[in-house]
Amino acid sequence: MESTQDSLRHVDDQPTDKTQPEPNEPEAQPRPLIGAELSTPIYGLFTLGILYTLYVAHQIVLPIILAILTSLLLSPLVKKFYVSWRIPRMVSSLLLVLLVLVSIVGVTYAVATPVLKWAEDAPQGISRLLVGQSEIRRQISKVTESAEKVEKSMEELSDSNKAKPTTVVLQTESWRSQLMSKARNGIAGLLLALALTYFLLVGGDRIIKNLVRQLPRSQRRTVLRITTDSQHEIAQYLGVLALSNTVVGVATALMCWAAGLPDPAVWGLVAGLARFIPYLGVILTISLLAVVSAISLDVLWMMAIAPVGYLLLTTLVGFFIEPWVHGFRMAINPVVIFVAIFFFGWLWGPVGVLLAVPLMTVIQVVLKQIPRLRPVYKVIAR
């Protein structure tokens, strides 16, 4: 027994070869190519690359995003027409796309014609407001006289021998040509978006089903739920917003008519459409109504009817009626929505401002359905 223990002790005292792994020791795992300390910078660079691509390729990206959002809105109607009345998807999709096109053209014509006419008459109204005998005119005259005296004194102090500065005239493109160029690009993008919307309504479900078949079974239900919830959220948001904006537009038109403003129906339509842009649309409408009232009316309290009435009306609708009807389903922090409006406006211009809230609706649904992204949803939630 002692010899056996001595032999075991002798074996234990022998130096072991560290290069050979122990039988029960797990093998060393291969070192990852990218360390954990580099993952965050790489993700940041990837995000910046995506943003730069979206900014540069906006003429292609915007019609695609607009078509996807429009197809999400109209897809339930196409399904209902097929299930209830057996109308083929191609026919119902074409009718809905044509209806959207006619609505856009009709609203643009109804708003643009009176607004352009008012813009032609606006300089005369502004000059009448400023040139007439009023307190504003007297204050402006005082400021102008002071500025002329300062300018004359500075001319006397200037060196008479000083050479005359050379006048440089820069030839720039006129604002009308720039406006026509942007209008052509906008019309082309709109037609492309409507054409893509038609094809998505006809074959979009087939693409989603083919995509789901390629995913693992654990992820199929998540993708289908994201698609269904996105359709429901966008349809509910736009439906409730369209109803409330119609009420606000009609009430604003009645207030403008009571105050005696020209073309009250047009200003009511503008007031209703501007509310599709949260916050900024209300500010622009109040400013526009204030300018129109100041130019068209003479009495101060009548000038305040349209802008103050619109402010009270949109506050009542926005804070009390819309949340109650909407059911608080758009549970995103207002600060996040405000930042999103400025971000998408910087990224894509006026179209980005219009698409900010629908895009945040889809982003909210995606963040809520994916477990790894749910903490981000809890951060931006109301």
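Helices here are DSSP runs of H or I with at least four residues, numbered from the N terminus, and the expected span of a helix is 1.5 Å times one less than its number of residues. This is a predicted model, in which local features need pLDDT of at least 70 and side-chain atom pairs count only at pLDDT 80 or more, while totals for chains, interfaces and linings use all residues. Residues are numbered from 1 along each chain as its sequence is written, and side-chain values use heavy atoms, leaving out hydrogens and water.

**Helix α7**
- Helix α7 covers residues 217-259, and its 43 residues should span 63 Å, which agrees with the 63 Å between its end C-alpha atoms.

**Around S93**
- You can find S93 in helix α4, which covers residues 89-131.
- S93 is buried (under 20% relative accessible area, with a 1.4 Å probe and protein chains only), because its relative accessibility is 0%.
- A polar atom of the S93 side chain lies 2.6 Å from the backbone oxygen of R89.
- Beyond its neighbours within four places in sequence, S93 is in contact (heavy atoms within 4.5 Å) with V78, Y198, L201 and V202.

**The nonpolar core**
- A nonpolar core is a set of buried Ala, Val, Leu, Ile, Met, Phe, Trp, Tyr and Cys residues joined through side-chain atoms within 4.5 Å.
- The largest one has 23 residues, and I65 and W348 are among those with the most contacts inside it.
- Helix α13 supplies the largest share of this core, seven residues.

How values were computed
Helices (H or I, at least four residues) and strands (E, at least two) are DSSP runs, numbered from the N terminus. Buried means under 20% relative accessible area, exposed over 50%, partly exposed in between (1.4 Å probe, protein chains only). A polar contact is a pair of N or O atoms within 3.5 Å; within protein, one must be able to donate a hydrogen and the other to accept it, and residues adjacent in sequence count only if both atoms are side-chain atoms.
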